[in-house]
Structure formats: C-alpha cells, structure tokens
Amino acid sequence: MTEEGRRAYELLRRYRHMIEREKELEERVQRAWDAARRATATLSSSGGSGSGEHSRIETASVKAMDIERQLEHTLSAAADKRLRIQAAINAVECDELRRVLELRYIDGMIWEDINAQMHIATSTSKRWHNMALEDFWAAYTEMMDPSGP
C-alpha cells in the first residue's frame with residue numbers, strides 16, 4: 001500500500017469510529033428518554049405526586065437532554081468532514097471499488113461479509129480495497145485543495 005493509501009485508510013478508519021460513536025450516542029439518548037418515559041408512566045399510574053418521583057423524572061430528562069446536546073455537538077463538528085468523505089467515496093468511479101469502501105467504512109462490515117455480499121474472494125476484496133483507497137485519496141485531496149499541484 002502506498003503512503004497515500006495509508007493516509008486514506010487512516011482517515012476512513014477514523015471516520016468509521018466517528019460513525020460508531022454517533023450511533024452509540026443515539027442509543028444512549030434513546031435509553032435516557034425511555035427511562036424518563038418509564039418514570040413518567042410510573043408516576044401517572046400511581047396517581048402520586050411525590051417529590052421523589054418528580055426528581056426521578058427530572059433527572060432522567062436532564063440526562064437525556066445532556067446526551068442529546070453531546071450528540072448534536074458531535075454531529076455538528078463532524079458534518080463538514082462527513083460530507084467531504086462521502087463525496088470522495090462517491091467520486092470513486094469504479095462501482096466495485098466504491099462498493100468495497102461503502103461496505104467497509106459506512107456499513108462497518110468485516111471482510112468475510114464483504115466477500116460474501118459481493119461474491120468475491122478475499123484476495124480480490126483486498127486488492128480492490130487498496131485500489132479504492134488510492135482513488136478515494138485522490139478525490140479527497142482534490143476537494144481539500146481544488147487548485148491542485
């Protein structure tokens with residue numbers, strides 16, 4: 001793999017981790033809102049209005065809102081990079097090469113699943129991956145500096 005291929009690989013690997021972090025935050029938001037709804041349902045069904053129940057609802061709601069803010073910040077900070085990376089992946093002209101990148105870095109598939117999905121051998125997927133990284137890096141760097149060398 002060339003130096004450009006290694007740079008592309010590292011960028012796409014970090015991109016995949018960013019996507020995983022966003023999904024993790026989305027799941028945490030959902031769990032926090034579920035906890036707030038359960039606390040609200042418990043309060044409603046008991047007919048009580050004890051301060052302990054209100055405190056539990058408030059705590060759960062505040063936690064959910066804090067996690068939502070963290071997710072929004074993460075998404076906002078990464079929005080421009082996400083768009084550039086997706087555009088560079090889309091710029092890979094060969095459908096098979098582009099598909100390898102999408103399956104690996106957007107869908108997060110492992111090599112065995114990529115091979116099965118595309119009906120190709122491991123050696124082929126690895127070769128296509130290396131070729132795709134080169135094409136991706138060329139497109140990505142062109143977007144970063146459209147004036148070029």
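1. A word on confidence first: pLDDT is the predictor's confidence in each residue, on a scale from 0 to 100. The protein chain has an average pLDDT of 83, and 85% of its residues reach at least 70. Helix 2 (residues 51–90) has the lowest confidence, with a mean of 78, while helix 4 (residues 111–118) has the highest, at 96.

2. Some ground rules for reading the rest. This is a predicted model, in which local features need pLDDT of at least 70, side-chain atom pairs count only at pLDDT 80 or more, and totals for chains, interfaces and linings use all residues. Numbering starts from 1 along each chain as its sequence is written, and side-chain values use heavy atoms, with hydrogens and water left out.

3. On the overall fold, the protein chain contains 5 helices and 0 strands, giving the pattern α-α-α-α-α along the sequence. Here helices (H or I, at least four residues) and strands (E, at least two) are DSSP runs, numbered from the N terminus.

4. Next, burial and surface. Of the 149 residues in the protein chain, 34% are buried; buried means under 20% relative accessible area, exposed over 50%, and partly exposed in between (1.4 Å probe, protein chains only). The chain exposes about 9000 Å², with 52% of that supplied by carbon and sulfur atoms. These areas come from the Shrake-Rupley method with a 1.4 Å probe; for residues, only the protein chains shown count as cover.

5. Contacts, meaning heavy atoms within 4.5 Å, deserve a look too. Among those in the protein chain with a separation of 6 or more, 67% join residues 24 or more positions apart.

6. Now for the packing of helix 3 (residues 95–106) on helix 5 (residues 122–144): the angle is about 95 degrees and the axes are 8 Å apart. Helix 3 is therefore roughly perpendicular to helix 5. Helix 3 contributes Glu96, Leu97, Val100, Leu101 and Tyr105 to the contact, and helix 5 contributes Ser125, Trp128, His129, Met131, Ala132, Leu133, Asp135 and Phe136. By class, that contact has 9 nonpolar, 2 polar and 2 charged residues. For the classes, Ala, Val, Leu, Ile, Met, Phe, Trp, Tyr, Cys and Pro count as nonpolar, Asp, Glu, Lys and Arg as charged, and the others, Gly among them, as polar.

7. Helix 5 also meets helix 4: their axes come within 9 Å and cross at roughly 100 degrees, so these two helices are roughly perpendicular as well. From helix 4, Trp111, Asn115 and Met118 touch Thr122, Ser125, Lys126, Trp128 and His129 of helix 5. This contact has 3 nonpolar, 4 polar and 1 charged residues. Axes are lines fitted to C-alpha atoms, for helices over the stretch in contact, and angles run from 0 to 180 degrees between N-to-C directions. Angles under 35 degrees count as roughly parallel, over 145 as roughly antiparallel, 65 to 115 as roughly perpendicular and the rest as oblique.

8. Please also look at Glu102 in helix 3, which is buried at 19% relative accessible area. Beyond its neighbours within four places in sequence, Glu102 contacts Ile89, Asn90 and Asp107.

9. Asp107 sits in the loop between helix 3 and helix 4 and is partly exposed at 42% relative accessibility. Not counting residues up to four places away in sequence, Asp107 touches Arg16, Arg99 and Glu102. The C-alpha atoms of Asp107 and Arg16 are 8.6 Å apart, although the two residues are 91 apart in sequence.

10. Finally, Glu26 belongs to helix 1 (residues 3–46) and is partly exposed, at 41% relative accessibility. Glu26 and Ile67 are 41 residues apart along the chain, with 8.4 Å between their C-alpha atoms.
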